[in-house]
Amino acid sequence: MAKPNPKAELLQGTLDLLILKALQRGPIHGFGISLEIRQMSQDMLRVEQGSLYPALYRLEEQGWIAAEWGVSDNNRKARFYSLTPAGRRQLTIETANWEQVAAAINLVLKVT
Amino acid sequence: MKLLRRLRSLFRQDTLDREMSEEMRHHLELQIEANLAAGMNPDEARYAAQRQFGGVEQIKETARDQRGVRWLEHLLQDLRYAVRQLRKNPGFTAVSLLTLALGIGACTVVFSVVYLAVLHPLAYPHPEQLVAIHEVLPPKFPRGSVSPPAFLEFQKQATVFSGLAACLNYSQNVTGGDEPFRAYTSHVTANYLSVLGVQPMLGRDFRADEDKPNAPGVVILRYNVWQSYFGGRPDAIGRAITINGTQAATVIGVLPPEFHPEINAPAMYSLGAFPSQAAANYKTRFLSVTGRLQPGRTLTQAQTELEVIARRLGQQYPDSNKDWGVQVNSLTEETVEFARPLLYTLLGSVGFLLLIACVNIANLLLARATSRQKEIVLRTALGASRGRIVRQLLGESLLLAALGGVLGVGLAHASLKLILSLAPVDLPRITEISVNGVALAFSCGLVLLTGFGFGLVPALQATRLDLNQVLKDSGRGSGEGRGGLRLRRLLVIAEVALAVVLLVGAGLLAKSFLGMLSLPRGYEPKGLYGTPFGLTQPAFSTAASQLTYFERLQEQLLQVHGVTSAGILSPWGQGGRPFEVAGEPPLPPANQPVADIATASKEAMTAFGMPLLRGRAFGAEDTPTSTPVILINQEMARLHFSGKDPIGQRINVITYQNGQIQPAVWREIVGVVGNTRSIFSQFDPFHPQIFLPFTQFPTNGGYLYVRMAPGTPIDLHALSVAVHAVNKDVPFSMMWEMTGPPNAGMVGMRRLSMFLSTGFSFLALMLAAIGIYGVMAYHVAQRTGEIGIRMALGAQRGDVLRMILTSGAWLVGIGLVIGLAASLAMARVLAAQLYHLSPYDPFVFCIIPLVLIGVAFLACWLPARRASRVDPLVALRHD
């Protein structure tokens with residue numbers, strides 16, 4: 001298997017978590033996911049398309065999200081992603097992980 | 001589940017790609033709309049969206065990687081790419097495919113023969129249980145036949161066998177078929193076929209109660225006899241036939257076609273392996289005994305058990321069995337031993353041929369990799385890993401190997417018939433040999449082996465690049481790194497060396513075989529025709545009737561146009577008979593001298609043209625009542641009468657009847673004839689021979705010989721009319737010219753291996769020449785610029801020619817020396833397969849290098865001449 005590109009690797013854990021989180025409220029398409037992440041982070045996080053789609057395919061591959069063709073609000077054909085039960089479990093695990101790591105990093109940063 | 005999805009995604013490749021494009025387009029459109037909504041003008045909105053989005057293709061590529069079937073995808077991609085590469089270089093592709101097809105084809109064909117003839121020579125169930133049993137008295141009888149009572153004792157006492165059968169083969173005349181025929185008949189015990197595990201295809205097997213002296217006769221026919229003389233009709237079963245004009249018999253079965261299809265195998269099976277009066281005679285050993293071991297018992301157990309019995313017989317019957325032992329051999333082993341060494345030699349030589357083919361293609365690939373260097377550098381610069389490029393190059397060589405393999409199997413299939421027509425007629429299972437599944441699997445293995453074999457080194461070499469070095473080099477056309485050229489030179493040296501080994505081997509086999517053919521036989525084989533011939537009808541049971549018949553036959557045959565002489569010659573079985581010389585003290589049986597004995601008519605000796613060296617030939621004065629006389633050959637005179645005049649000496653041929661020595665009949669030597677080699681031992685040294693006049697010692701058969709006038713073709717029909725004019729029930733169908741050894745047994749194997757090894761080594765020579773030519777031509781092309789400079793600076797054409805030829809001569813010279821050294825080592829292996837020829841035969845070892853040097857010179861000279869014709873102006877502008 002080819003090596004994943006280094007940028008994606010850097011972001012991988014967090015991006016996956018963000019995507020899963022964005023899908024928690026219901027199925028949305030790729031553009032919607034990037035908007036959702038932007039809005040949820042109050043415009044602080046922007047997901048590049050170059051990372052988004054590979055991540056989506058990877059998550060689909062792992063069985064955490066499922067994709068389906070549907071019709072978008074403006075009547076265009078679009079691919080909608082939704083969380084699978086496994087994805088839901090994964091979201092819980094990754095959220096917990098993230099909280100632990102974030103707490104740990106905060107602890108480290110508070111020293112000095 | 002995951003794998004399934006991956007595989008599915010592989011086959012849905014196009015759909016997935018399309019969906020991906022669509023999805024991204026959708027995203028882009030939404031982005032544009034968002035930008036428009038944010039107040040940009042349409043152009044600005046589109047441009048910003050595209051910039052934001054980045055390279056669609058890159059995203060797609062990254063996304064594809066996520067699907068996880070990259071290796072398979074790569075493989076298909078490599079294959080597609082390889083096909084394109086092969087089509088782009090038709091010259092290279094054609095040469096490599098041809099080379100490979102020859103190599104793989106030759107290996108497949110020889111393997112197909114070896115697989116059945118050597119590895120599975122017996123078409124019986126559980127062949128590993130079958131054994132051949134001999135009574136032995138080494139060194140005189142290392143593999144003797146078995147006496148009937150010994151066979152019966154073995155059968156009764158031995159426990160290791162599930163069955164023990166015996167047979168005795170001799171020819172009989174059969175009438176009652178569509179026409180009379182002479183059938184080489186195997187007289188067997190009733191269990192013979194069941195011990196072998198063979199069932200008749202039609203009718204039934206023998207029954208034990210039929211093997212009795214006065215039971216009605218029954219026979220089982222071989223398939224092709226049924227076809228030839230019974231029209232292949234099912235009503236042959238139950239047909240009444242007459243054997244030798246007296247014994248009535250019924251056809252009860254027909255054997256399947258694959259049962260002993262050899263021409264010289266028994267045509268008919270009947271009961272009565274031995275007459276009941278022989279059943280107690282330990283001295284007459286004539287049975288061939290075959291046994292089937294009980295499941296789980298071994299050859300050694302059988303040997304041990306039978307040795308105990310044989311020892312007991314030796315104590316019980318010291319007169320006949322003292323010192324006689326027993327030898328149990330695997331039947332498989334005895335069946336293939338004549339063919340195996342030479343077939344393995346052939347397998348070895350095709351292996352070498354394939355190796356040369358691989359070296360050749362590796363060489364071509366190396367040359368091509370050099371010209372593809374820029375492509376490879378570019379790919380590397382664009383980020384392809386070394387492994388990825390090696391994989392791609394290997395994909396190309398595997399594809400090449402696979403295509404070559406397909407062609408090779410086709411070639412093998414097409415040439416198998418030709419090769420089998422050259423093979424000895426008694427090669428085991430010759431009619432069943434084909435390029436079967438096992439041979440196909442074998443060639444698939446070869447494809448993989450060769451694909452990696454010739455592909456790996458060039459692929460590794462091609463990717464071992466220093467980018468800077470190549471980029472620097474490519475300025476001035478010397479494209480190939482030092483390492484590449486060195487490797488290619490090594491390959492050419494290896495190729496030359498391999499070709500030398502093959503050529504020497506073939507040279508030795510050919511010279512040995514031609515030597516066999518050109519042995520003086522003591523007679524002119526051209527124009528001399530012979531056939532087994534016999535009178536077994538009861539009308540010819542008396543000496544007088546036999547004499548009359550053959551006198552009339554000779555008269556009739558002389559009437560046929562072109563026949564200059566015709567007569568009967570009848571050897572007394574094979575192997576020598578003991579004799580004693582009058583006036584010399586009698587010797588114990590073990591020390592008695594032996595000679596080949598034959599009864600010959602005066603006309604047969606004329607037909608052969610045996611020169612009379614001393615004394616007189618047989619004549620009208622030798623009648624049944626006159627003094628018994630004999631002729632001896634030169635070898636006999638030399639061995640037993642050295643320094644004395646043999647004429648007038650008297651000899652008694654010691655004969656036994658039912659184990660009893662017969663009263664001596666002293667026969668006077670009246671003449672000495674030249675040496676001849678008998679048809680049974682054509683390639684042995686001359687044997688001592690004794691000839692008895694047919695007039696004094698008539699027989700009922702032997703070999704009928706006819707000498708045709710030079711230039712007259714034989715007219716079989718006229719001869720057959722002449723034979724049947726004397727008696728219509730005597731079979732006569734075929735005559736063979738005595739030229740050329742019979743294509744059977746060891747001689748046939750030698751003939752086959754001479755043809756094949758010569759053919760293979762010729763191919764090897766051609767391949768090596770292509771290899772040398774390829775390297776030299778490439779070498780010249782690489783140095784065109786340099787040569788141009790040299791010529792501009794005043795070098796003459798001759799200098800250039802010499803320079804190039806010298807560099808070629810080094811390669812060939814080194815290869816030649818290595819090859820000859822290897823041949824000297826290999827020759828020892830061949831020694832056992834050579835007939836009267838030293839494996840270090842100086843002629844072969846001289847002529848082979850000359851041939852090779854000649855061919856190699858040509859292969860170097862063509863590129864060298866091209867180099868010498870380089871126009872300096874053109875050369876300097878080269879690149």
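Reader: In what order do the strands of the open sheet in chain A lie?

Author: This model is predicted. The open sheet in chain A has 3 strands in the order 1-3-2, with antiparallel pairing.

Reader: Which are the edge strands?

Author: Look for strands that pair on one side only. Here they are strand 1 (28-29) and strand 2 (65-71) of chain A.

Reader: How many bridges join strand 2 to strand 3 of chain A?

Author: The count is 7, and the two strands run antiparallel; strand 3 covers residues 77-83. In that pairing, Gly70(A) stands opposite Ala78(A) of strand 3.

Reader: Now a helix. Which residues of helix 19 of chain B are buried?

Author: An α-helix has 3.6 residues a turn, so residues three or four places apart point the same way. In helix 19 of chain B, the buried residues are Tyr549(B), Phe550(B), Leu553(B), Gln554(B) and Leu557(B). They fall within an arc of 135° seen down the axis, so they line one face of the helix. On the other side, Ala544(B), Glu555(B) and Gln559(B) are exposed.

Reader: What covers the buried residues of helix 19?

Author: The cover includes strand 13 (563-571), helix 20 (602-608), strand 23 (701-708) and helix 22 (716-726), each in chain B.

Reader: Which residues touch the most other members of the largest nonpolar core?

Author: That core holds 111 residues, and Leu353(B), Ala499(B), Ala764(B) and Ile772(B) touch the most other members. Domain 2 (76-122 + 341-475) and domain 4 (481-524 + 761-879) of chain B both contribute residues, so the core lies between them. Among the residues that Ile772(B) touches are Val492(B), Leu811(B) and Cys860(B).

Reader: Which residues does the second core include?

Author: This separate core of 52 residues includes Phe608(B), Ile630(B), Leu631(B) and Val730(B).

Notes:
Residues are numbered from 1 along each chain as its sequence is written. Chains are lettered from A and ligands numbered from 1 in the order in which they are written. This is a predicted model: local features need pLDDT of at least 70, side-chain atom pairs count only at pLDDT 80 or more; totals for chains, interfaces and linings use all residues. Two strands pair if DSSP finds at least two bridges between them. Helices (H or I, at least four residues) and strands (E, at least two) are DSSP runs, numbered from the N terminus. A residue is buried if 20 or more other C-beta atoms lie within 10 Å of its own, exposed if 12 or fewer, and partly exposed in between; C-beta atoms are placed from the backbone. The arc is that of the directions from the helix axis to the C-beta atoms. Two residues are in contact if their C-beta atoms, placed from the backbone, lie within 7 Å. A nonpolar core is a set of buried Ala, Val, Leu, Ile, Met, Phe, Trp, Tyr and Cys residues joined through C-beta atoms within 7 Å. Domain bounds come from an automatic or database domain assignment.
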